[in-house]
Amino acid sequence: MGLRQIAQRLLPRVTTRVAWVPGHKDVLGNEEADRLAKEGSELPCHSRNCSTITFIKRWVKKKRREIQDDNWNDNYPESYKAGRWGLYKAPSMPPELHLPRPILHRLLAERSGHGDFTEYHERFGHDARPTCKCGEPRTQGHFVKCGMVAPFLPDVPEREARFGTTHIEYLLGDGGYKDFQKLVEETSPYGPPPTETDT
Ligand SMILES: [Zn+2]
């Protein structure tokens with residue numbers, strides 16, 4: 001199979017042009033192509049799959065993602081860098097988007113402060129002053145300090161606790177969303193106050 005046909009099968013939506021470029025002249029992309037060719041030539045070819053189009057497609061996809069991620073990590077804007085909770089190091093789909101809607105809503109509200117919080121209503125001059133079931137104002141991040149939630153707070157995993165990660169940083173960060181979900185499901189201090197039938 002010729003080079004052009006291989007390129008067409010790997011990247012059907014991309015027009016491929018084959019051109020000769022002089023080596024070692026800092027031609028944009030040439031150094032990267034050299035590096036990838038070298039890496040490709042070192043692939044373990046004892047596996048029968050490694051020469052199939054499917055294998056190569058997967059490999060190209062993986063490489064493309066790695067290059068994108070590296071580029072993003074080197075160049076992402078300052079506003080993302082702050083990533084108060086260490087978020088979005090790369091433009092991959094954040095896994096927490098798979099959470100059930102109401103849980104995701106809570107997570108995003110706690111991260112952003114845009115939700116049914118006391119300070120949010122104050123900022124916009126609303127009359128509402130929502131309180132937690134424990135009686136404290138319903139402030140952003142209150143859930144980790146709430147006496148009603150405390151018994152259910154999961155431990156911060158050892159590997160994170162070593163770096164001084166706090167409960168709120170862990171639960172709102174990109175590694176703690178499943179524990180956040182569990183915590184919300186086990187507790188509901190922000191929910192409607194208990195009715196007589198609950199007691
Ligand atoms: Zn509370």
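**Helix packing in a predicted model**

Ile103, Arg106 and Leu107 in α5 meet Tyr177, Phe180, Gln181 and Val184 in α9; contact is taken as C-beta atoms, placed from the backbone, within 7 Å. Helices are DSSP runs of H or I of at least four residues, numbered from the N terminus, and strands are runs of E of at least two.

Basis
- The model is predicted: local features need pLDDT of at least 70, side-chain atom pairs count only at pLDDT 80 or more, and totals for chains, interfaces and linings use all residues.
- Residue numbers start from 1 along each chain as its sequence is written.

Crossing
- The axes of α5 (residues 101-112) and α9 (residues 177-186) come within 10 Å and cross at roughly 110°, with axes fitted to C-alpha atoms over the stretch in contact and angles running from 0 to 180 degrees between N-to-C directions.
- That angle makes α5 roughly perpendicular to α9 (65 to 115 degrees).

Burial in α9
- Tyr177, Phe180, Leu183 and Val184 are buried in α9, that is, 20 or more other C-beta atoms lie within 10 Å of their own, whereas exposed means 12 or fewer, with C-beta atoms placed from the backbone.
- Seen down the axis of α9, the buried residues fall within an arc of 115°, so they line one face of the helix; the arc is that of the directions from the helix axis to the C-beta atoms.
- Glu185 and Glu186, on the other side of α9, are exposed.
- The cover over the buried residues of α9 includes α5 and α8 (167-172).

Whole chain
- The protein chain has nine helices and zero strands.
- Of its 199 residues, 11% count as buried.

Definitions and conventions: Parallel < 35°, antiparallel > 145°, perpendicular 65-115°, else oblique. Contact = placed C-beta atoms within 7 Å.
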